[in-house]
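Here is a walk through one protein chain. Keep the model open as you read, and follow each element in turn.

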Amino acid sequence: MAVVIIGGGQGGFQTAASLRAEGYQERITLIGDEAGVPYQRPPLSKGFLLGKQEQRHAELRPAAFYQTQNIDLVSGKRVTAIDRVARRVTLDSGEQIEYDTLVLATGARNRLLPHQNILYLRTLGEAAEIRQRLAAAEDVVVIGGGFIGLEVAAAARTLNKQVTVIEGQERLMARVVAPVVSEYFRGQHENKGVDVLLNAALERIGEKEVLLREGMRRPADLVIAGIGVVPNLELARDAGLPVGNGIMVDEYLQTPDERIFAIGDCAESPNPFTGALARLESVQNAVDQAASVAKTIVGRGAPYTAVPWFWTDQYDIHLQMAGLPAGFDQVVTRGDPGSRKFSVFYFREERLCAVDSINRPADHLSARKLIGARTTLSPDQAKDESFDLKAALN
């Protein structure tokens, strides 16, 4: 009963570790296309860029862990094909590995722009190149005002670089937060000296500058883009598995082929909090889905129902997000944004669906419990700081 896991990121690693923790004794093979041991990605756009962390700090476990746990770690090799009939995968080296259960944790890759001389941040190698280039740069242009772009901008500005952020939409992080949160972060970046350009689009990259379609120019000796990711679903698609905005799975994270699961950034699964399929890009989702699949493999499975949560650190601002705000129709604020500690509560049809907490970790922990328990909370209660959120759970 061999398990093969394709993908050496957070989800792949956690699947292997969780299987052993669940008492699984059979063979586990973990295949990753990057050299070395699996590592965390979040530090790459934060402490690693600032020089506060090195590669060893990002490693999920040292190499010895895989030996002691009897996990066959195959690094630096890519799976090129899945043979569902023979139940085996083929590597780019020509080697074939048989499986009884296959877990697809193939992750995602950077969405690219049709321009040259742009750096992207997804892998440890890319982060190392950006860190090296940052040391010599003076004027940094970041394309994309989402999590990664703003984290890179914060790191560059902390290193005293002149920073411009180019965002195509009318506000920052528009896909995931309410306007009040967008405006707060825009203000914080501008207060630090970042030039934030909204409704802007890149036209051309010159030798020492960028030209925008609006005719504006900005100096640039380093251009970094963070404009989202694309799920790695081609392997599953070519094997005849259904794909949409990801590899499509059921509430057990299982594909129509009962021997194949998909988790993490590459998987699109039913979400009990939205009533629709969702593909989530977060460490928490990858870790929790991996643990869920491990339980299913050992015969103790249950539908995946974890509350999604996310975070981003920019300067000394810690934003924690719980739930999914898609389709929200009302927003209330708890606390004063001017105090740098406040939360934003999102409601959909009068039910709490998400909470963004800025430097208020207690609100975040309460929010996860409230959303998970589907607790009734009114907008008036949410914005009233005298109302005890914990009391609503009782």
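**A helix with one covered face**

Start with helix H4, whose buried residues are Leu 124, Ala 127, Ile 130 and Leu 134. Seen down the axis of H4, these buried residues fall within an arc of 120°, so they line one face of the helix. The spacing has a simple background. An α-helix has 3.6 residues a turn, so residues three or four places apart point the same way. Now turn to the other side of H4: Gln 132 and Ala 136 are exposed there. Bear in mind that this is a predicted model.

What do the buried residues of H4 pack against? Their partners are helix H2 (55-58), strand E9 (119-120), strand E10 (139-143), helix H5 (147-158) and strand E16 (222-225). The length of H4 also checks out. It holds 13 residues, 124-136, and at 1.5 Å a residue these should span 18 Å. The end C-alpha atoms are 19 Å apart, which agrees.

**The parallel sheet**

Strands E9, E10 and E16 also belong to a sheet. Five strands form this open sheet, in the order E9-E16-E10-E11-E12, and the pairing is parallel. E9 and strand E12 (195-197) are the edge strands, and each pairs on one side only. Look next at the E12 end. Strand E11 (residues 162-166) pairs with E12 over three bridges, in the parallel sense. Val 165 has Val 196 in E12 as its bridge partner.

**A strand with two partners**

E20 pairs with strand E18 (residues 247-248) in the parallel sense, over two bridges. Here Met 248 stands opposite Glu 268 in E20.

E20 also pairs with strand E21 (residues 276-278): three bridges join them, and the two run antiparallel. Ser 269 has Ala 278 in E21 as its bridge partner. E20 and E21 form a hairpin, with four residues between them. In the turn, Gly 275 has a positive phi of about 75°.

**Rings and charges**

How many aromatic pairs does the structure hold? There are seven. Take Phe 65 and Tyr 66 as one of them. Their ring centres are 5.2 Å apart and their planes stand at 90°, so the pair is edge-to-face. Both Phe 65 and Tyr 66 are buried. With Phe 13, they form one aromatic cluster.

Tyr 184 and Phe 342 make another pair. Their ring centres are 5.1 Å apart and their planes are at 75°, so this pair is edge-to-face. It links distant parts of the chain: Tyr 184 lies in helix H6 (residues 179-191) and Phe 342 in strand E25 (residues 342-348), 158 residues apart. Both Tyr 184 and Phe 342 are buried.

The charged end of Arg 131 lies over the ring of Phe 48, 4.2 Å from its centre. The charged end of Lys 192 sits over the ring of Tyr 315, 5.3 Å from the ring centre.

**A glutamine under cover**

Finish at helix H1 (residues 10-21), where Gln 10 is found. Is Gln 10 buried or exposed? Its relative accessible area is 17%. Buried means under 20%, so Gln 10 counts as buried. Which residues is Gln 10 in contact with, leaving aside neighbours within four places in sequence? They are Gln 40, Leu 60, Val 283, Ala 286 and Val 287.

How values were computed
Residues numbered from 1 in each chain as written. Predicted model: local features only at pLDDT ≥ 70, side-chain atom pairs only at ≥ 80, totals over all residues. Heavy atoms only, no water. Expected span 1.5 Å × (residues − 1). Buried < 20%, exposed > 50% of the residue type's maximum accessible area, 1.4 Å probe, protein only. Arc of directions from axis to C-beta. Contact = heavy atoms within 4.5 Å. Pairing = 2+ DSSP bridges. Phe/Tyr/Trp six-rings, centres within 6.5 Å; stacked < 30°, edge-to-face > 60°. Lys NZ or Arg CZ within 6 Å of the ring centre and 35° of its normal.
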